[in-house]
Amino acid sequence: MSARDDCLFCKIAHHQLESDYVYEDDEVCAFRDVSPLAPTHVLIVPKEHYDSVVDGIPATTLAAMIRVATEVAKDEGIFERGFRLVTNVGEDGGQTVRHAHVHLLGGRRLSKDMGETPTRERSL
Ligand code: AMP
């Protein structure tokens with residue numbers, strides 16, 4: 001399985017760096033975000049390296065990530081009240097770690113703010 005030496009989440013997924021894991025199997029692992037934005041903030045990542053969820057990641061792996069997010073939401077006791085799954089892609093999407101991941105957020109009422117930064121100039 002390919003892991004990149006320069007990738008933080010590859011290191012966590014392959015236990016070269018330890019984290020606060022909440023789930024792991026051969027394909028996917030889930031661990032707590034180091035800067036949580038909600039009482040439950042877990043990152044679900046594939047063990048194989050993909051830059052993002054639109055970087056040719058197999059549909060079966062994406063499905064596994066959503067299944068794990070669902071299981072973790074149940075384990076965390078937030079499934080019934082609801083939660084948010086977010087995946088950021090690229091610079092404008094706010095992605096800071098270039099390894100595919102889905103954020104699982106819950107445990108409080110989340111705002112509808114989509115995190116736009118309207119002041120930034122950009123040319124389309
Ligand atoms: P994103 O900005 O969507 O790429 O999400 C990256 C997330 O990784 C952020 O929410 C960070 O707080 C989180 N993060 C960064 N370093 C670590 C780490 N060592 N362990 C756990 N989460 C991390």
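In what sense do β2 and β3 pair, and over how many bridges? Keep that in mind while reading the points below. This is a predicted model.

1. **The β2–β3 pairing.** The two strands β2 and β3 run in the antiparallel sense, and five bridges join them.

2. Look for Leu 43, which stands opposite His 103 in β5.

3. **Cover on β3.** Strand β3 spans residues 40–46 and is mostly covered. Seven of its seven residues are buried. In a regular strand, side chains alternate between the two faces of the sheet. Check each face of β3 in turn. On one side sit Thr 40, Val 42, Ile 44 and Pro 46, all buried. On the other sit His 41, Leu 43 and Val 45, and they are buried as well. Both faces of β3 are therefore covered, given that buried means under 20% relative accessible area.

4. **The shell around the ligand.** The ligand is surrounded by 16 residues. The closest are Asp 33, Asn 88, Thr 96, Val 97 and His 103. By class, the shell holds seven nonpolar, seven polar and two charged residues.

5. Start with the side chains. An N or O atom in the side chain of Asn 88 is 2.7 Å from a ligand oxygen. For the side chain of His 103, the distance from an N or O atom to a ligand oxygen is 2.9 Å. Gly 94 takes part through its backbone: a polar atom there is 3.2 Å from an oxygen of the ligand. How much of the ligand does the protein bury? Taken alone, the ligand exposes 510 Å², and the protein buries 81% of that.

6. Two elements give two or more residues to the shell: α1 (8–13) and β2 (28–32). The largest share comes from α1, with three residues.

7. **A backbone angle to check.** His 15 lies in the loop between α1 and β1 (21–24). Its phi is near 60 degrees, a positive value in a residue other than glycine.

Notes. Residues numbered from 1 in each chain as written. Predicted model: local features only at pLDDT ≥ 70, side-chain atom pairs only at ≥ 80, totals over all residues. Heavy atoms only, no water. Near = heavy atom within 4 Å. Polar contact = N/O pair within 3.5 Å; in protein donor to acceptor, adjacent residues only side chain to side chain. Areas by Shrake-Rupley, 256 points an atom, 1.4 Å probe, with all protein chains shown as cover. Helix = DSSP H or I, 4+ residues; strand = E, 2+ residues; numbered from the N terminus. Nonpolar A, V, L, I, M, F, W, Y, C, P; charged D, E, K, R; others polar. Buried < 20%, exposed > 50% of the residue type's maximum accessible area, 1.4 Å probe, protein only. Pairing = 2+ DSSP bridges.
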